Each structure stands twice: as C-alpha cells, then as structure tokens.
Amino acid sequence: MDIVAVHTFLAELMGKYRVAIDYEGILETQYRSFLRSDATIIDIGAHEGRHTKVFLEVAPAGQILAVEPLPDKAQILRSTLGPSVRLFQGALGEKEGRAKFVWAQGTPEESGFKERHYNDPQNARPTEIEVEVTTLDQLSRDLRRCDFVKIDVEGAELTALRGGAGFLDRLRPIVSVEFGRPAYSVYGHEASDLFHFAKSRRYTLHDIFLNPVSDLETWMAICDRATWDYFMVPDEQSADSLLPSAETSRPSLSLLDRIRRRLA
C-alpha cells in the first residue's frame, strides 16, 4: 500500500470535499482490536474520559491509570469513573514539581503548558493556573506491565515521552500519540523530532491505520498531511501481529479510488 497516497487522499477529502473523518473513532477501533481484558493502560490527557470509559469496558480485569491536569475535568472523571480508575490530577513532564499551565477556558481540550495556535482563538480565553507535574517514569514506577498508553496533551507529547524513556525501555507498551504542528510547534519541536525519538527507544512509528512508517522521508510526507494521530509500536512487535484482521482496519487504494470517483 502507498501510505503517502492514502494520506494525500484523506487530506483531499477533508479539504476539497469538506468530509469530516472521525479519527477518535478510528483510534478506538484500532486499540479495541488488540487490547486484552486484563490490559494495563495509561490515559495521558484523559479530559472527560472519552477513551478512559472505553478502556474500562475493554479491559474490565485490567488496570487503568488516567492523567488529567484540569481540576474540573479531573472532578468529572472522579464522579463518573470512581475508584475503578487510578487518577493523577496533574500533568506529565521531564521532571517533577509544579508548573504554570494554560487553561483554555472556552476550548479546554486545547489546554497545555503553553498557549498553542487555537482553532477558535476568540473563544479560547487562555488563563494561567498552576498544576502538579510528575514524570511518566515516576507515575509508572510500581507497574510490572503496561500494554497501551494514549497521549494527547496538546503539543507536550514529546515532553511526556522523554520523561518516560525508562518506562518505555522497561515495559515496552504500544503508544498512541497525537502530534500536530499547531500544538507541537509552540514547544519548538519539528515533525522529525517524534520520528527520531521513536527510533532512539527502538520503536517504529505507524499511522492511525497501523501502516508502518519505516523511513524519515515517508514520515515527513505524511506527518500533518491528514491526521495527527499515530502509533508507536516496539520494534520487537509488528502491527499485523496486533491485528489478526488488520487489513479490515486499513483503507485500500481501490476503495479510496472508488470514493474519489463518486465525489468527482
């Protein structure tokens, strides 16, 4: 499959034809396919629990850890999920302590350590608060296994990952990471930084359809093209081993061609 062609077509669907693609739903479909009922999962940037609730359903005999810095969202998680989820009210960084955090009151899903390029800047209403910060290494210190990590922290994904380098080396979870230029650029990151970090920890980046991105040229061609959601898979695993029916979760070029002809 030509992964660049797939992402180019998806970008065309969203741009030229204004087609809305539910990437959160696609992400859920993928992790549902490989998570076991006893999985240990960390949800970093849990917000109101959109994915945390699914993790509880998919892994009822497992262990779920959630990280959420916004006080009101953390309270929602406590009231809706109760003691079944271990909640850390704070943010993840490269060192422990306390830090300023920008709460976008009108668009709280865009909150983070720094002001980002907001999708709706007139309504974002960014306000500084202070939050507790720990590292992924410290958060996971008592874990003996971890199967999956979801990270969506509005540009600070690499910061969280770097604070969990030891954790990644020790427990080798699959990681889904949101990585989009409007957010990561305000931290001084480049698109290539995630690729190089993954390689340094013996991980291979995959797109949201679990197609491997084995070289930097391909990564630079698809990053920010159509989606901001990616997987990091340990080099000792393969995406096909995760998904016995992986091809059903990947758009074929023939299918994309049929869609293009119908829209033309």
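The following legends describe close-up views of a predicted model.

View 1. Strand S1 spans residues 40-44. Five of its five residues are buried, so the strand is largely enclosed by the rest of the structure. Thr40, Ile42 and Ile44 point one way from S1, whereas Ile41 and Asp43 point the other way. Residues on both sides, Asp43 among them, are buried.

**View 2. Pairing of strand S1 with strand S2.** Strand S2 comprises residues 63-67 and pairs with S1 in the parallel sense. Five bridges link S1 and S2.

**View 3. Pairing of strand S1 with strand S7.** Strand S1 also pairs with strand S7, residues 148-151. The sense of the S1 and S7 pairing is parallel, and the pairing extends over four bridges. Ile151 in S7 stands opposite Ile44, a residue that is buried in S1.

**View 4. Pro121 in helix H5.** Pro121 belongs to helix H5, which covers residues 121-124. The relative accessible area of Pro121 is 55%, and this residue is therefore classed as exposed, the cut-off being over 50%. Gly106 lies 15 residues from Pro121 in sequence. The C-alpha to C-alpha separation of Pro121 and Gly106 in space is 9.1 Å.

Terms used:
Residues are numbered from 1 along each chain as its sequence is written. This is a predicted model: local features need pLDDT of at least 70, side-chain atom pairs count only at pLDDT 80 or more; totals for chains, interfaces and linings use all residues. Side-chain values use heavy atoms; hydrogens and water are left out. Helices (H or I, at least four residues) and strands (E, at least two) are DSSP runs, numbered from the N terminus. Buried means under 20% relative accessible area, exposed over 50%, partly exposed in between (1.4 Å probe, protein chains only). Two strands pair if DSSP finds at least two bridges between them.
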